[in-house]
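The sequence and coordinates come first, and the explanation follows them.

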Amino acid sequence: MFNFRISMAEGGRQVRNSVLPILVAVLQISQASAETRTHSREEIKRFTDATSQLVMAEETEDRWNGILALEEFREEYPKTFLKGDAAEALFRSYGDVVDDPDFLLRLAEEAIELLPNRNGLYKQVVQTFVDKGIFPDRTLECAQKSLELAEKMQANAGEYYQREVIERLGLLSRAYQLANRPERALEVMRRSLKQAENLSVTAFPDQATRQKRIDGIGLDLLTLYIDQRRWNPAYELACDLLTKSVTREPVYELWSRAYVGKFGSAEGIIYAYADLKDEIEESRKARLIEERVKRPAPAFALKTLKDEPVSLDGLKGKVGLINFWANWCGPCLDELPQLEALSRTYKQESIKFLAVNLDTQDEEKRKYMISGTKARLAPSLTFLMGNDEVRREFGFNNIPYTCIVDREGYIRYEKTGLSSDFKATIKDQLTWVIGLSEAE
């Protein structure tokens with residue numbers, strides 16, 4: 001009997017010893033299940049629909065409706081695997097419509113806790129906080145983290161992410177300025193400008209895009225000089241930007257402020273501007289000559305909206321200006337009215353203005369859309385139905401792309417992207433091509 005009781009006790013201990021790990025495992029599984037993120041097609045659709053509303057929002061009401069849809073999504077799917085993405089999207093969206101610093105900080109910290117290594121999140125936080133001038137210390141921490149993540153990507157992916165590093169340096173500079181560390185702000189912004197100047201043109205779609213990026217950093221540096229009331233370097237940089245940059249329009253106001261700061265009043269400013277204008281014109285003309293090319297244009301064959309053929313052979317003996325555009329491309333739509341004005345200026349000349357569309361809708365919808373754009377922005381231009389094949393033949397990857405073809409079928413000038421002097425530059429290059437001798 002005693003031995004039986006002993007064996008029963010030992011058996012009970014064995015059962016307890018075997019059951020205990022099972023109970024612990026069950027509790028762990030139960031706790032994990034309580035924390036398991038949900039993942040379904042429906043919640044993906046709801047999230048996509050809400051964020052699409054925010055992306056497409058043009059009016060404040062539309063943005064609020066998108067925020068509401070995203071908040072309802074979070075309430076309905078509290079354990080969604082998209083929780084961090086939703087928090088990031090809400091921070092970005094609320095930042096556009098709300099100025100409550102504490103509210104925005106709470107949203108930012110929530111998103112960072114959920115996505116501690118999300119590269120773009122830190123960048124967005126810094127941009128929002130700097131623009132609103134809030135939380136200098138936290139902004140500086142996020143700016144340093146943002147740069148650190150970009151530098152890691154650049155180390156792994158090469159030159160492509162160097163452009164991102166340059167942009168993050170600019171944000172870090174602004175964060176230092178917000179934190180009342182002006183010397184560090186200038187040091188970092190100069191570093192950003194130097195890296196941009198050393199970056200090869202292959203990191204950009206074209207030389208004009210590269211120069212535009214450099215000009216933008218120069219403009220940020222100029223703004224820093226003015227904010228810190230460093231008038232001598234501010235005026236020197238403003239004059240340099242007006243002379244050399246391809247986007248001069250934003251510089252004029254800053255130049256006048258720098259002039260008054262340096263000289264104490266606006267007395268004599270018109271004479272300074274007259275001298276500067278001569279330098280600007282000389283610099284622009286020198287750039288025009290450097291940008292001229294000569295290479296055979298591809299033998300394209302496209303159709304108009306009325307299915308009429310237009311080809312390179314049909315341009316022989318005429319100068320052709322060919323512009324590639326798409327309806328989703330904002331700069332493209334900005335260029336078309338300028339080309340319309342040029343077509344009217346040169347209406348007595350033997351020039352063919354062609355606008356080649358690269359949208360991808362089905363043919364009827366596409367023709368309807370192009371017809372509306374033509375009537376609204378450029379009724380004098382000949383609109384053509386382009387495709388990806390003709391884009392490859394011309395050898396560009398980004399739009400808007402514009403080229404001028406001479407009477408012999410050679411491309412003599414080409415440009416990607418829109419600049420502040422687009423119309424003036426195209427006009428000068430057209431005048432030059434028109435004047436070329438037949439023998440050239």
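**Cysteines and a charged patch**

At 0% relative accessibility, C332 counts as buried, where buried means under 20% relative accessible area, exposed over 50% and partly exposed in between, with a 1.4 Å probe and protein chains only. This is a predicted model, in which local features need pLDDT of at least 70 and side-chain atom pairs count only at pLDDT 80 or more, while totals for chains, interfaces and linings use all residues. Residues are numbered from 1 along each chain as its sequence is written, and side-chain values use heavy atoms, with hydrogens and water left out.

C332 is joined to C329 by a disulfide, with the two sulfur atoms 2.3 Å apart, the term being used for a pair of cysteine sulfur atoms within 2.5 Å. The link between C329 and C332 is right-handed, with 80 degrees about the S-S bond, and by this rule the count comes to one disulfide. C329 is buried as well, having a relative accessible area of 4%. Two further cysteines are also buried, C403 at 0% relative accessibility and C239 at 17%.

Turning to the surface, E58 counts as exposed at 69% relative accessibility, and the place of E58 is in the loop between α2 (41-56) and α3 (60-76), where helices are DSSP runs (H or I, at least four residues) numbered from the N terminus. E58 gathers with E59, E61 and D62 in a patch of negative charge on the surface; patches are made of residues with over 30% relative accessible area and no salt bridge, like charges being joined within 9 Å, and a salt bridge is a side-chain nitrogen of Lys or Arg within 4 Å of a carboxyl oxygen of Asp or Glu.

Technical notes:
Patches are made of residues with over 30% relative accessible area and no salt bridge: like charges are joined within 9 Å, nonpolar side chains (Val, Leu, Ile, Met, Phe, Trp, Tyr) within 5 Å. Accessible areas come from the Shrake-Rupley method with a 1.4 Å probe; for residues, only the protein chains shown count as cover. Lys and Arg count as positive and Asp and Glu as negative; His and the chain ends are not counted. The place of a charge is taken as NZ of Lys, CZ of Arg, CG of Asp or CD of Glu. Helices (H or I, at least four residues) and strands (E, at least two) are DSSP runs, numbered from the N terminus.
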